[in-house]
Amino acid sequence: MSAITIDNSPQVADFSDSARASVQHVVSGSKLDPAQPQLFKLNQRHFSVGGQDLVLEEFPRIAIYPGRFEFEIVGWGIVLPHADHSLIARALIRKFLYLHDRAVKMALTEQEEAEWASISSFVDFRRFSRERAHHIYVEGNLLSHDPEGCRVVWHDGSKIRLRGELSAPFKILDEGERFKAFAKFGEEDALLDVKFITPLPPVDEAKGDAAWQRWSET
Amino acid sequence: MLPSEKAYARPPVVERAIVVHGVADEELFQRNAEKWKTLLVEELPHAKDFIEWNLEISDHGGMPFLDPDKQTMITRRTFCDREGKDRRTAIQLWQERITFNVFSSEKDLRSFAEVYELGERWISKWAENFQIKEISGLSLIYVNLLSKTTVPKFSKNNELDLGGVITMFRNAPEALHQIVAPFDFQMSVDGGTTPTSRLTARCVTLKSGKDSGPPQLHFNLSATTKVGEKRKVQLDSWRNEASLLHELVLKGFDAFFTEDAKQSFRA
């Protein structure tokens with residue numbers, strides 16, 4: 001199967017009018033049907049506006065109807081004026097957040113229910129849930145500092161090596177010091193964020209053993 | 001050191017652009033796009049997004065077919081110092097490349113040094129913002145406008161003596177020198193350099209003359225080291241490659257414009 005690509009975009013940098021002047025002619029054998037849209041794939045799966053992210057499993061489809069100055073984001077129930085293409089990310093995120101909130105409250109209307117079924121299948125839900133998760137309370141020990149970062153052992157005994165920005169909040173601690181903090185974890189327990197690190201006094205081993213003894217005897 | 005441009009008093013160059021080809025991770029690109037905008041806003045306050053539509057026609061059993069999977073739209077982010085035709089400087093951004101553009105006019109001649117300096121100021125910031133460590137090459141583009149204003153000696157009665165301006169048409173019969181639109185062509189030659197490069201000359205009709213007024217053409221000279229899909233080089237190499245490509249474009253300028261035309265640019 002052979003293919004001809006008609007690419008009217010400036011290949012590299014041409015800001016001038018030459019790209020428009022080089023439009024090639026495509027001859028159609030049949031009349032365009034105004035009811036039949038032309039479908040395009042938006043080459044973008046990750047949308048980010050105002051610090052909120054939405055990642056889709058697939059590239060979204062955009063339907064352009066001949067003679068109408070608007071386009072539709074297929075399966076999302078979103079129709080935007082043609083000039084508002086820069087608002088696609090905002091519209092997707094807003095629609096998803098609105099329906100997600102309604103779904104959590106079990107308040108979806110029949111139409112919203114249908115839209116939610118379609119939209120939720122497009123979205124990387126695991127990723128969304130992870131990023132919306134709250135910080136959790138953690139305790140641990142700072143094992144060591146070094147020029148590239150630090151090493152930490154969490155209260156469950158698991159150890160982690162931190163570099164760059166993630167290690168910065170631990171600079172407040174001395175080596176070997178206990179701490180408490182609020183942390184957010186991602187896939188495979190990778191630390192995504194940590195805040196409100198506070199030094200804690202060392203655990204009194206004798207008191208801990210005595211408490212354990214009393215508890216195990218009851 | 002930058003290669004020097006010949007001292008033409010009135011070269012027909014209306015735009016110079018350096019393109020750096022380097023792919024950003026999609027997530028990082030989208031997340032950091034806003035930050036990039038805030039970095040640029042002081043110098044280039046006019047930001048606007050454009051959609052590029054790519055159509056691909058497949059052949060299914062002899063019938064042309066627009067496969068919905070292959071029709072794509074891509075966002076191009078542009079940042080200019082001034083609005084519309086008044087712009088002097090711009091940066092354009094895609095996920096896989098960035099361009100630095102400077103625009104010239106009869107009253108505001110610009111130089112390669114200016115576009116180079118723009119790159120010098122922003123390439124490292126672009127790489128840092130989008131965490132781009134390697135690039136796949138560079139392109140340099142010179143857009144020359146051939147019109148009644150830029151080549152007045154070769155324009156007469158709403159016609160343009162293209163054979164008098166561009167060497168490759170000089171030997172066409174005299175009668176054929178007068179442009180009959182559309183008059184578009186494109187050709188590429190191996191740059192013969194290390195790293196491998198390519199020089200492309202492209203002529204595009206903007207206005208065809210006759211009823212639409214005096215004819216106008218763009219004669220673009222572009223050179224690139226982005227030859228081959230898998231090429232990867234250190235970011236810092238952009239400086240050497242920009243100088244190399246500049247020499248190539250100047251050679252192309254020397255070769256493709258006639259002595260008469262170049263003489264008129266010196267005047």
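The dialogue below takes up several features in turn.

Mentor: This is a predicted model, in which local features need pLDDT of at least 70 and side-chain atom pairs count only at pLDDT 80 or more, while totals for chains, interfaces and linings use all residues. Residues are numbered from 1 along each chain as its sequence is written, chains are lettered from A and ligands numbered from 1 in the order in which they are written, and side-chain values use heavy atoms, with hydrogens and water left out.

Trainee: How many helices and strands does chain A have?

Mentor: Helices (H or I, at least four residues) and strands (E, at least two) are DSSP runs numbered from the N terminus. Chain A has five helices and 12 strands. Its accessible surface, from the Shrake-Rupley method with a 1.4 Å probe and, for residues, only the protein chains shown as cover, comes to about 13800 Å², and 53% of that belongs to carbon and sulfur atoms.

Trainee: What share of the residues in chain A is buried?

Mentor: A residue is buried under 20% relative accessible area, exposed over 50%, and partly exposed in between (1.4 Å probe, protein chains only). Of the 218 residues in chain A, 34% are buried.

Trainee: How is a nonpolar core to be read, and which residues have the most contacts inside the largest one?

Mentor: In soluble globular proteins, nonpolar side chains tend to be buried together. A nonpolar core is a set of buried Ala, Val, Leu, Ile, Met, Phe, Trp, Tyr and Cys residues joined through side-chain atoms within 4.5 Å. The largest here has 57 residues, and Trp36(B), Trp126(B), Leu146(B) and Phe219(B) have the most contacts inside it. Helix H2 (residues 112-129) of chain B gives the most to this core, namely eight residues. A second, separate core of 27 residues includes Phe71(A), Ala91(A), Phe128(A) and Met73(B).

Trainee: Which residues does Trp36(B) touch?

Mentor: Contact means heavy atoms within 4.5 Å. Leaving aside residues up to four places away in sequence, Trp36(B) touches several residues, among them Phe79(B), Ile91(B), Leu93(B), Trp122(B) and Trp126(B).

Trainee: Where is there a nonpolar patch on the surface?

Mentor: Patches are made of residues with over 30% relative accessible area and no salt bridge; like charges are joined within 9 Å, and nonpolar side chains (Val, Leu, Ile, Met, Phe, Trp, Tyr) within 5 Å. Tyr137(A), Phe182(A) and Phe196(A) form such a patch, with about 330 Å² of accessible area together. Phe196(A) lies in strand S12 (residues 191-200) of chain A and counts as exposed because its relative accessibility is 56%.

Trainee: In what sense do S11(A) and S12(A) pair?

Mentor: Two strands pair if DSSP finds at least two bridges between them. Strand S11 (residues 178-185) of chain A and S12(A) pair in the antiparallel sense over seven bridges, and Lys180(A) has Thr198(A) in S12(A) as its bridge partner. The two strands form a hairpin with five residues between them, and Glu188(A) in the turn has a positive phi of about 55°.

Trainee: What should I note about the backbone in the loops?

Mentor: Met106(A) has a positive phi of about 55° although it is not a glycine; this residue is in the loop between helix H2 (88-104) and helix H3 (110-122) of chain A. In chain B, a cis peptide bond joins Thr194(B) and Pro195(B), with omega about 0°. Pro195(B) is in the loop between strand S11 (185-190) and strand S12 (198-207) of chain B.

Trainee: What separates Lys262(B) and Glu259(B) in helix H5?

Mentor: Lys262(B) and Glu259(B) form a salt bridge whose closest N and O atoms are 3.1 Å apart. They are separated by about one helical turn because they are three residues apart in helix H5 (residues 259-266) of chain B. Elsewhere, salt bridges that share partners join Asp53(A), Arg127(A), Glu27(B) and Arg31(B) into one network.

Conventions. Salt bridge = Lys/Arg side-chain N within 4 Å of Asp/Glu carboxyl O.
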